[in-house]
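Please keep the sequence and the structure in view while reading.

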Amino acid sequence: MGRSRPPFRRLTPAERRLWDAYPTGAWVDLRHGRETDSSSGGAWGRSRVVRAEVISALVLDRGAGGSPRVPGVRLAGARIVGDLNLSDATIEAKVHLLDCHIAGTVSLNDARTRGVRLRRCDMFRFRASRATVDGLLDLDGSVVHAGVRLDNAHVTGQLRLSGTRVGTPGGAQNLGMPPGASSLEPPLEPALDPTLEPTRWNGPEGSEEPRTWESVALWAGGLVVDGSAFLRDMRATGGLRLIGARFSSGLYLQGAVVTSDDTPAVHADHLQAAAAELGAGFTAHGTVRLRGARIGGVLSFHGAVLRARGRVLHLSHMQADELILLPESIEGEVNLGYSRFGVLFDRPESYPGDVRLNGLTYESLRGPATLADRLSWLRRDPGGYRPQPYEQLAAYCRRIGHEPDARRVLLARQRARRRTLRLPGRLWGRLLDGLVGYGYRPWLAGLWAALLLATGTAVFTQWPPHQIGLDESRHFNAFVYTLDLLVPVSVFEQRGAWEPAGWTQWLANGLVAAGWILATALIAGASRLLRPSNAP
């Protein structure tokens, strides 16, 4: 059954075919052969022209007669002129455009619609702010010159932008008309939207640099996708803004290339996703920012190419079951501060510059990094010495049964702390370090004692002291005499019985002083070693 008489004085042949096919949802294919390139659609002839208002009239008119098939717009290879404005509408019919050239803006703002598919289309701009799409929203393989807006939209099925090429409003606003538009058509308004508010983002630590929406290719803050979001092999000249977005079944950007000089390449603070795959060829020229994100599964940068001036990864205050940080190449600072990971899978090359680790916690570490690599990792925080990263690594070593490694980490913590002290503290710290390794190397005290004992025994055997009391006969033992000098409290009663002569007096006094210093260092080290781990 056909539709009622169209409310237009005249329809083009392509529009007449679409009008007649709508009740059954049949395809209207205007392509020539296997043609799939819609970028040259501005030059297509009248036989392929469909006005956007005709499509709007079809999907918004609910007075159609009954049909055994679901009605819908299924159009391929058309040149659509004007803006396709479906804002605020409730659309029961499906809209499926394939290989079409759309000179104007496709707008679904505040609309409620069934599945929408615009595959391999060339369009000026796509807007679906606050829209509800019951099913699939598919822009696979399309070219969108002036950006995609999906802020606060809700997609109950999948979101597909794989292979899509997206520009920015700022990159298109200087054009006299949309790319591919015919000179016979009136130019559209510049890509400026007075309803949009400028936004700000936190730049490097302690600074704020103003950035506007004009540099954002995909604006999707607050977007909710019940299925998966596939952005594989996307090419975006501008940032992806995903602040507060939720992807119940995961976000997949393998092979995507995002280039943004003015804003973060990916700005996804407080994002929530079952998994986030930003590897396997994912390339970001600009900061990837996921501050406060919650990833239920794996956040992967395996095989990614990451470059930015200053900070390249901002992953602070976030949570993930596993972070796989194995990029193919990376340039810039990495911030993992105050985040929690079940597993951190990385390697030394994952951190080419500074790395912020204060507050980071993890259950397990994977990768080829040695303990020396980990200690170097801890020392590269631009904020200077922080005790927590050392304590976290030491706790992990203890948990897996590597107690010697835990002591090495805690010793490194004391040495790093020493550099922050004033001169007296640094001198005392060096003394403790050299004598007993801050208590983590008590065997050093035994080594020093053995060395001093051997030295004293050899000297006093060659130049024995004089007996003080001549009324009794005593047998001199250089070893016992030296040992009695080293012990802070005389045990063998040798000090008062013998008096060294000449320069050996200085040696005897030095041994007494060394004994007290060793004892003090051992006590200080033992108290530090036995202190509870939660003590300040």
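Arg-117, Arg-119, Asp-138, Asp-140 and Arg-160 are linked in a network of salt bridges. A salt bridge is counted here when a side-chain nitrogen of Lys or Arg lies within 4 Å of a carboxyl oxygen of Asp or Glu. Side chains of opposite charge can pair when their charged atoms come close.

The model is predicted: local features need pLDDT of at least 70, side-chain atom pairs count only at pLDDT 80 or more, and totals for chains, interfaces and linings use all residues. Residues are numbered from 1 along each chain as its sequence is written, and side-chain values use heavy atoms, with hydrogens and water left out.

**Salt bridges**

In total, the structure holds 19 salt bridges.

| Arg-51 | Glu-15 | 2.9 Å |

Helices (H or I, at least four residues) and strands (E, at least two) are DSSP runs, numbered from the N terminus.

Residues are also described by their relative accessible area: buried means under 20%, exposed over 50%, and partly exposed in between (1.4 Å probe, protein chains only). Glu-15 is buried, at 0%, whereas Arg-51 is partly exposed, at 24%.

Arg-16 and Asp-20 both lie in helix H1, four residues apart, which is about one turn of the helix. Arg-16 is partly exposed, with a relative accessible area of 37%, and Asp-20 is partly exposed as well, with 48%.

**Charges over rings**

Arg-149 also takes part in another kind of arrangement: its charged end sits over the ring of Trp-219, 5.0 Å from the ring centre. This description applies if NZ of Lys or CZ of Arg is within 6 Å of the ring centre and within 35 degrees of the ring normal. The charged end of Arg-366 likewise sits over the ring of Phe-345, 4.1 Å from its centre.

**Aromatic pairs**

The structure holds six aromatic pairs. Rings of Phe, Tyr and Trp (its six-membered ring) pair if their centres lie within 6.5 Å; planes under 30 degrees apart count as stacked, over 60 as edge-to-face and the rest as tilted. The rings of Tyr-362 and Tyr-396 have centres 6.2 Å apart and planes at 70°, so this pair is edge-to-face. Tyr-362 lies in strand S38 (residues 361-366) and Tyr-396 in helix H5 (residues 387-399), so the pair ties together parts that are 34 residues apart in sequence. Tyr-362 is buried at 4% relative accessibility, and Tyr-396 is buried at 10%.

Why is the pair of Tyr-385 and Tyr-390 tilted? The ring centres of Tyr-385 and Tyr-390 are 6.1 Å apart and their planes stand at 40°, so the pair counts as tilted. Tyr-385 is partly exposed, at 21%, while Tyr-390 is buried, at 4%. One aromatic cluster is formed by Tyr-351, Tyr-362, Trp-377 and Tyr-396.

**The chain as a whole**

The chain has ten helices and 40 strands. Of its 536 residues, 50% count as buried.
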